[in-house]
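Me: I would like to go through a structure with you. Could you show it to me before I ask about its parts?

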Amino acid sequence: MKRSVVAVAVLGLGLSLAHAQETVVRLGSVAPLTGTISHLGKDNENGARLAIEDANAKGVTIDGKKVRFELLGEDDQADPRTGTTVAQRLVDADVKGVVGHLNSGTTIPASRIYNQAGVPMVSPSATNPTLTRQGYPGVFRTIANDVQQGGMLGKFIVGSLGAKTVAIIDDRTAYGQGLADETEKAVKAAGGKVVAREFTTDKATDFNAILTKIRGVKPDAIFFGGMDAQAGPMLRQLKQLGIEAKFVTGDGGCSPEMIKLAGDAINASAYCSMPGLAIDKMPGGPEFRNRYKARFNTDVQIYSPYAYDAATAIIRAMQAADSAEPSKYLPALKKSNFQGVIGTVAFDDKGDIKEGAVTMYQYKNGAWSPM
Amino acid sequence: MEIFLQQLVNGLVVGSVYALVALGYTMVYGILGLINFAHGDLVMVGAMVALQTMLFLMGAAPGMSPLTMLTLSLAVAIPVCMMLGYTMERLAYRRLRNAPRLAPLITAIGMSFLLQTIAMILWGRNYHTFPQLVSTAPLQPVAGVFVTPIQVTIVVGSALIMAALIVLVTKTRLGRAMRATAENHRVAALMGVDTNLIIALTFVIGAALAAVAGVMYASNYGIAHYGMGFMPGLKAFTAAVLGGIGNLGGAMLGGIVLGLVESFGAGYIEHMTFGLLNSSYQDIFAFIILGLVLIFRPTGLLGERVSDRA
């Protein structure tokens with residue numbers, strides 16, 4: 001008994017000695033790891049994790065000390081209230097920066113907590129414009145926002161698809177509603193007519209009632225602002241109800257998962273938009289995809305390249321400022337300018353990514369193909 | 001008119017599944033006074049086990065007819081759910097039978113989390129495509145109403161199962177023992193009824209219904225997910241309360257009514273309120289009806305027929 005206590009003590013001493021020269025810097029990652037879009041949440045966390053493992057493997061020195069980064073992954077369940085709770089938990093755990101959250105609905109309330117604590121955050125996927133318009137200095141995102149995306153969608157639906165009448169559905173989340181509103185504006189601006197505006201939730205699987213209503217007004221195109229978990233089943237039900245309108249959705253539905261879930265209901269009249277470039281067109285895309293697959297044994301869903309670059313931006317800013325203290329490295333983060341997986345990562349004065357491109361995709365031969 | 005009929009079909013299909021799940025809630029409540037919140041997750045387990053079986057069969061015996069495959073997967077999913085239902089009762093609820101009512105209720109919520117989390121570990125976080133062995137391609141539309149074979153199967157299948165259950169409860173020896181146990185399990189025990197067995201069987205039958213409902217639900221929407229049991233579970237619970245919890249006929253009626261209210265609610269709420277409310281109030285609509293029914297009939301639509309409960 002006594003001997004084992006000694007052994008543990010020696011072991012503990014050994015461990016602490018091994019770490020003596022290393023400073024541990026904690027970064028947070030928040031995304032829904034349970035619930036309907038947990039596959040996207042895990043994807044984000046994996047992206048951030050890969051960036052941190054790369055930095056640790058390369059070896060980072062800040063202020064003369066060797067630094068080891070540690071990722072604290074939290075689950076916000078895509079729920080705004082849980083989002084603020086875990087944000088507070090990360091602040092209490094003394095994280096120096098946060099990659100997240102995934103949803104606009106959780107990111108916006110959480111950003112207030114990070115702002116109060118002075119912890120910079122970079123969201124890889126929250127696209128609602130409000131996020132960067134609250135006047136918080138430490139809020140950034142690596143993805144184009146919904147003003148840019150909605151504008152593109154509206155032009156595409158009316159201009160390229162030639163739709164005169166459009167039905168718009170959203171899932172009542174900050175993301176879905178925000179994108180649907182921006183798209184509605186852009187459709188009207190392009191001369192299209194919005195003939196129906198319907199709503200569902202981010203937990204629904206049955207859309208027959210609202211789709212039946214939409215069938216009554218016979219739109220040329222249907223736009224859905226929401227995630228793949230709803231968009232897939234929605235497309236199946238469109239087919240079951242004999243609706244032949246073109247189906248357009250935003251980045252939330254622009255995943256391989258969406259194609260899987262839609263089954264044989266998906267065809268060339270399904271389109272989606274994605275901020276940024278196709279993963280094959282991203283400068284570091286193909287390489288990232290292979291490394292990701294090798295490390296996590298699963299495919300990139302949507303946002304992990306953005307999460308990777310978000311984490312990289314924070315780490316690079318710390319190196320540039322030679323400090324892991326938020327107040328010291330924040331100016332360097334603002335001035336970020338590097339070649340990431342997604343292309344050039346640089347922020348405008350609000351914290352939005354500069355030149356956020358939006359690409360339209362069409363379903364072709366079992367995959368989304370960029371148009 | 002065409003839209004009205006289509007909404008009627010939509011409501012009936014959803015309502016049939018709610019009714020089937022609601023029966024499980026109401027049977028357990030009738031006999032134990034316990035709301036088994038884990039019941040919705042049995043729906044998920046049923047669908048997941050069936051999915052696993054289908055995937056296995058597709059690999060092991062390609063070219064098997066869809067009907068055989070569906071029957072075999074049900075033949076695996078139903079017993080697995082039955083065993084799970086029995087295990088829950090035996091390990092958790094039986095020990096709490098004489099505890100204050102809150103204890104089994106909280107345990108049931110814990111059970112629900114447990115099942116979901118285990119399923120998440122076993123089957124992962126991703127959505128799975130559920131093979132649609134019964135066709136989902138719409139049949140020739142009649143009067144502009146689109147109906148798919150799977151929808152017909154769901155409505156007819158649930159009706160048959162519910163009829164069988166009514167016969168079981170009202171006409172058989174087992175049913176009489178169930179009714180006696182529901183009435184008063186101590187007295188029933190004195191009369192020679194093995195109440196432990198009867199209560200266990202109630203759980204087992206409810207679990208079998210949940211398994212069937214799970215396969216129907218997943219086949220209709222073509223997806224399965226570890227969290228898929230939560231919403232239908234919640235709705236079915238609402239349906240059971242709406243119909244009068246503890247009452248078999250009430251659960252069926254409640255399920256169908258809730259399905260119809262949801263579907264017509266989403267379809268017509270905008271016209272009925274002159275554009276004031278829209279389909280984002282779809283669920284509120286269902287709960288308003290529930291509130292009204294409970295205010296004017298606190299025991300639910302059919303709640304007074306306590307002698308009928310199982």
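Me: What should I know about the model and its numbering?
Reply: This is a predicted model, in which local features need pLDDT of at least 70, side-chain atom pairs count only at pLDDT 80 or more, and totals for chains, interfaces and linings use all residues. Residues are numbered from 1 along each chain as its sequence is written, while chains are lettered from A and ligands numbered from 1 in the order in which they are written.

Me: Which domains does chain A have?
Reply: The assignment gives domain 1 (22–144 + 282–345) and domain 2 (146–275); such bounds come from an automatic or database domain assignment.

Me: How far apart are the centres of domain 1 and domain 2 of chain A?
Reply: Taken over C-alpha atoms, the centres are separated by 29 Å.

Me: Now A:Ala78: is it buried or exposed?
Reply: A:Ala78 is buried, because it has 27 C-beta neighbours inside 10 Å. The cut-offs are 20 or more other C-beta atoms within 10 Å for buried, 12 or fewer for exposed, and partly exposed in between, with C-beta atoms placed from the backbone.

Me: And what is the phi of A:Ala78?
Reply: A:Ala78 has a positive phi of about 55 degrees, although it is not a glycine. Most residues other than glycine have a negative phi.

Me: What about B:Ala143, buried or exposed?
Reply: B:Ala143 is exposed, with 8 other C-beta atoms within 10 Å. Its phi is positive too, near 50 degrees.

Me: Which peptide bond is cis?
Reply: The bond from A:Gly100 to A:His101 is cis, with omega near -5 degrees.
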